[in-house]
Amino acid sequence: MKMILLGAPGAGKGTQAERLCKVLNIPTISTGNILRAAVKNGTPTGKQAEAYMKAGKLVPDDVIIGIIHDRLDEDDCKNGYILDGVPRTIAQAESLEKAGIRFDDVISIEIPDEAIMERMSGRRVCEHCGASYHLVAVPPKVPGVCDSCGGKLIQRHDDEPETVKHRLEVYHKETEPLKDFYAERGLLRSVENQPSVEATTKAILNALRR
C-alpha cells in the first residue's frame, strides 16, 4: 500500500498517519523528519539541503524529491508507505511522477475551515516538556498548568488565529488543487472528518478497501 495523506493544516494528518502505519504495518514518511535525517546522516542530497537551510533558503523541490526517493528505496518501504506533508504543490506531484514514484491511493481528509480554526486555536503545549493539550477536547487538570511537569502551557505561534488563517489560505491556493490532480488519475479517496480520531481512522480504512 503506497499512499498519500492530504488535508488542510490541522486536519489531523499526522495523527492519522501514526495510527495507519501501525494498522497497515508500513512506515510514515514525513518531509520534515526525512530532511533532518538526511542532513544528520550526511547523504549527498542531505548535504545539498543543509546548504540551503544554513543560508536561510527554502529547500528546492528537486532536492526534496531526491531525499524522498532515497528514503523510499530503503528496505522498510518495500511493502508500502504513507507520505505525510508532501507533495504540497502540483509541481512537486509532477516531480514525483517524473522520478517514477507511484501511489495506490490518495486520501484527502475533509474538514471545514471553521472547525480547523476552532480546533487549532484551542491547542496548548507545555513550554518545558512539550506535552499537548486542548482547551475543550483534552484540557489540563489545572488551567494553564501541565499535568505532567507543572510547566506553563502556551499557545504556539502556528496555532494563533491569524497564522492559522494564513496557513489555510496557502493550503487552498497551493495544495488543494492536488485533489483534482489525483482525481484525474483515479487515485483520490475523500474522507469526511469524523467526531473522533478512531472513527476517522475507520473511515480511511474503509475508503482504502473500496
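Colleague: Which exposed residues does helix 1 carry on the face turned away from its buried side?

Modeller: Exposed means over 50% relative accessible area, buried under 20%, and partly exposed in between, with a 1.4 Å probe and protein chains only; here the exposed residues on that face are Glu 18 and Lys 22. This is a predicted model, in which local features need pLDDT of at least 70 and side-chain atom pairs count only at pLDDT 80 or more, while totals for chains, interfaces and linings use all residues. Residues are numbered from 1 along each chain as its sequence is written, and side-chain values use heavy atoms, leaving out hydrogens and water.

Colleague: Which residues of helix 1 are buried, and what do they pack against?

Modeller: Helices (H or I, at least four residues) and strands (E, at least two) are DSSP runs, numbered from the N terminus. The buried residues of helix 1 are Lys 13, Gln 16, Ala 17 and Leu 20. Seen down the helix axis, they fall within an arc of 105° (taken from the directions from the axis to the C-beta atoms), so they line one face of helix 1. With contact meaning heavy atoms within 4.5 Å, these buried residues pack against strand 1 (2-7), strand 2 (28-30), strand 3 (81-84), strand 4 (105-110) and helix 9 (197-209).

Colleague: In which sense does strand 1 pair with strand 3 and with strand 4?

Modeller: Two strands pair if DSSP finds at least two bridges between them. Strand 1 is parallel to strand 3 over four bridges, with Lys 2 opposite Tyr 81, and parallel to strand 4 over five bridges, where Met 3 has Asp 105 as its bridge partner. Five of the six residues of strand 1 are buried, so the rest of the structure largely encloses this strand.
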